[in-house]
Amino acid sequence: MSKVTVVGAGAVGATCANVMACREVASEVVLIDIKEGLSEGKMLDMYQCSTLMDFDTKLVGVTNDYKQTANSDVVVITSGIPRKPGMTREELIGTNANIMKGVIENVVKYSPRAIIIVVANPMDTLTYLALKASGLPKNRIIGMGGALDSARFKCYLAKATGANINNVDGMVIGGHGDTTMIPLLSKASVNGVPVTQFASKKKLEEAVASTMVGGATLTKLIGTSAWYAPGAAASMMVESILHDQKKIVPCCCYLEGEYGQNDICIGVPAVIGRKGIEKIVKLDLTKEEAAKFEASAAAVRKTNQVLHEIKAL
């Protein structure tokens with residue numbers, strides 16, 4: 001038996017819960033929100049899909065009662081205000097930091113052994129806050145950003161190369177921000193063959209640029225933050241944990257010397273299994289990529305400093 005709680009019944013949280021239910025990732029999925037009836041209604045709607053889609057996951061909707069989330073194996077935190085057109089992820093920090101602290105307090109109280117996946121933005125900084133506020137071991141606090149950014153990178157690489165998207169491999173490291181993420185073109189391939197054999201330099205550079213503004217592009221088109229891919233990315237990480245799949249996932253991890261960084265949560269590839277972050281994978285970066293990673297870390301640290309300024313830490 002396994003239990004997952006998703007905090008926040010907005011579009012991302014509900015999508016994550018729905019994907020997990022349909023894929024039967026866990027025995028029980030609890031969706032909790034502060035808005036009366038929202039999570040209950042969405043989970044009832046999902047439950048009515050069960051005979052249509054052949055799943056029997058137990059689905060529970062809760063309004064602000066963390067007792068019903070007790071003993072969760074994994075908790076996914078999506079709660080917080082979403083981006084609006086023109087907003088950066090960093091502009092969300094004041095409101096979302098306060099929300100994160102309250103959520104973490106309840107999660108640790110009722111599910112002290114849980115592995116926590118942070119989806120809320122600014123994701124790197126809120127992952128850092130979750131780690132410091134929870135007091136949990138670093139392997140049990142994971143930020144989702146790199147998994148989503150890498151999915152977007154693969155999407156744009158498939159468009160650029162004309163390849164089957166399921167044959168495309170690509171990875172994004174660094175901060176989860178429009179100017180801080182680093183799509184690793186040097187490591188991108190189509191079924192093991194470098195993407196440079198399938199597309200021009202110009203097309204590949206356009207794929208990189210599109211990836212970096214992938215979230216902002218969707219926010220402009222939709223009017224708010226995206227939800228299908230973010231929800232699916234979080235679900236994929238939960239599945240790798242609960243099923244001990246040990247997938248190598250680019251995600252936000254706490255570094256203690258890896259990649260030359262200390263006391264920071266930032267995106268790097270990691271083996272994700274039943275213990276959470278089981279190993280941080282070292283990549284051989286080019287000089288240009290290493291310089292970009294250093295700059296990305298500096299930018300994340302600048303945002304982290306705001307936590308001290310608003311006395312969230």
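Predicted model: local features only at pLDDT ≥ 70, side-chain atom pairs only at ≥ 80, totals over all residues.
Local features here need pLDDT of at least 70 and side-chain atom pairs count only at pLDDT 80 or more, while totals for chains, interfaces and linings use all residues. Residues are numbered from 1 along each chain as its sequence is written, and side-chain values use heavy atoms, with hydrogens and water left out.

Q: What area is buried between domain 1 and domain 2?
A: The domain assignment, an automatic or database one, gives domain 1 as 1-142 and domain 2 as 145-308. Their contact (heavy atoms within 4.5 Å) takes 41 residues from domain 1 and 47 residues from domain 2. Counting the accessible area (1.4 Å probe) that the two parts lose on being put together, summed over both, the buried area is about 3600 Å².

Q: How many salt bridges does the rule find across the interface of domain 1 and domain 2?
A: A salt bridge needs a side-chain nitrogen of Lys or Arg within 4 Å of a carboxyl oxygen of Asp or Glu. Across the interface of domain 1 and domain 2, the number that the rule finds is four.

Q: Is helix 9 largely enclosed or exposed, and how many of its residues are buried?
A: Helices are DSSP runs (H or I, at least four residues), numbered from the N terminus, and buried means under 20% relative accessible area with a 1.4 Å probe, protein chains only. The buried residues of helix 9 include Pro230, Met237 and Leu242. Helix 9 is largely enclosed by the rest of the structure, because the buried residues number 11 of the 15.

Methods
Buried < 20%, exposed > 50% of the residue type's maximum accessible area, 1.4 Å probe, protein only. Helix = DSSP H or I, 4+ residues; strand = E, 2+ residues; numbered from the N terminus.
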